[in-house]
Amino acid sequence: MPLKRNLKLERLCRELEEVAGRLFPDIRQEEGWFKTGVCTIRGETVLILNGRQTIDERIAALAGVIALCNVEGVYLKPIVRAEIERYSHAAEKAASI
């Protein structure tokens, strides 16, 4: 992967993680054979990030999770908003299943 693309992806991932940090008070990073997602543990909403995911998978997972949240009133940089909108249709479809 070209260095410039890799740096852009890392920056985008950090931005998405920062937004997720504003939306979810408890974020945990674990490694295993599971998908990044939101769950409830002892009554608390927790965002679990899979540390084994590639940067592309992590961006897609974070954007998908954020797309399911109400982000009106949350400042999003244009590149972050575009990425979230890219995954919002897939997230809505998965939520309706």
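This report describes the fold, the helix packing, the nonpolar core and selected residues of a predicted protein model.

**Overall architecture**

The protein contains three helices and three strands. Read from the N terminus, these elements follow the order α-β-β-β-α-α. Of the 97 residues in the protein, 36% are buried. When contacts between residues at least 6 apart in sequence are considered, 45% of them join residues at least 24 apart.

**Packing of α1 against α2**

Helix α1 spans residues 3-23 and helix α2 spans residues 55-67. Their axes come within 9 Å and cross at roughly 30°. Angles under 35 degrees count as roughly parallel, and α1 and α2 are therefore roughly parallel to each other. The crossing of the two helices is left-handed. On the α1 side, the residues that meet α2 are R5, L9, E10, L12, C13, L16, E17, V19, A20 and L23. Their counterparts in α2 are I55, D56, R58, I59, L62, A63 and I66. Sorted by class, this contact comprises 12 nonpolar and five charged residues, with no polar ones.

Beyond its neighbours within four places in sequence, R58 is in contact with C13, E17, Q29, L49, N50, G51 and Q53. Two of these partners, C13 and E17, are also listed among the α1 residues that meet α2.

**The nonpolar core**

The largest nonpolar core is made up of 19 residues. Within this core, the residues with the most contacts are L16, L47, L62, I66, L76, V80 and I84. At least two core residues come from each of α1, β3 (44-50), α2 and α3 (78-96). Helix α1 provides the largest share, namely six residues.

L47 belongs to strand β3, and its relative accessibility of 0% places L47 in the buried class. Along the chain, L47 and D26 are 21 residues apart, whereas their C-alpha atoms are separated by 6.4 Å. With neighbours within four places in sequence set aside, L47 is in contact with A20, F24, D26, I27, R28, T36, G37, V38, L62 and V65. L62 from this list is itself one of the core residues with the most contacts.

L76 is likewise named among the core residues with the most contacts. Apart from neighbours within four places in sequence, the contacts of L76 are with V19, V71, R81 and I84. Of these, V19 is part of the α1 set that meets α2.

**Strand and loop residues**

The following table gives the accessibility of selected residues.

| Residue | Relative accessible area | Class |
|---|---|---|
| L47 | 0% | buried |
| F34 | 30% | partly exposed |
| C39 | 30% | partly exposed |
| R42 | 83% | exposed |

F34 is situated in the loop between β1 (26-30) and β2 (37-41). Although 14 residues separate F34 from I48 in sequence, the C-alpha to C-alpha distance between them is 9.4 Å. Not counting residues up to four places away in sequence, F34 touches I48, L49 and N50.

C39 is part of strand β2. Once neighbours within four places in sequence are left aside, C39 is in contact with E44, T45, V46 and I48. I48 is also touched by F34.

R42 occupies the loop between β2 and β3. Most residues other than glycine have a negative phi. Phi of R42, by contrast, is near 50°, a positive value in a residue other than glycine. With a relative accessible area of 83%, R42 is exposed, as values over 50% fall in that class.

Technical notes
Residues are numbered from 1 along each chain as its sequence is written. This is a predicted model: local features need pLDDT of at least 70, side-chain atom pairs count only at pLDDT 80 or more; totals for chains, interfaces and linings use all residues. Side-chain values use heavy atoms; hydrogens and water are left out. Axes are lines fitted to C-alpha atoms, for helices over the stretch in contact, and angles run from 0 to 180 degrees between N-to-C directions. Helices (H or I, at least four residues) and strands (E, at least two) are DSSP runs, numbered from the N terminus. Angles under 35 degrees count as roughly parallel, over 145 as roughly antiparallel, 65 to 115 as roughly perpendicular and the rest as oblique. A crossing is left-handed if the near helix is turned anticlockwise from the far one by less than a right angle, and right-handed if clockwise. Contact means heavy atoms within 4.5 Å. Ala, Val, Leu, Ile, Met, Phe, Trp, Tyr, Cys and Pro count as nonpolar, Asp, Glu, Lys and Arg as charged, and the others, Gly among them, as polar. A nonpolar core is a set of buried Ala, Val, Leu, Ile, Met, Phe, Trp, Tyr and Cys residues joined through side-chain atoms within 4.5 Å. Buried means under 20% relative accessible area, exposed over 50%, partly exposed in between (1.4 Å probe, protein chains only).
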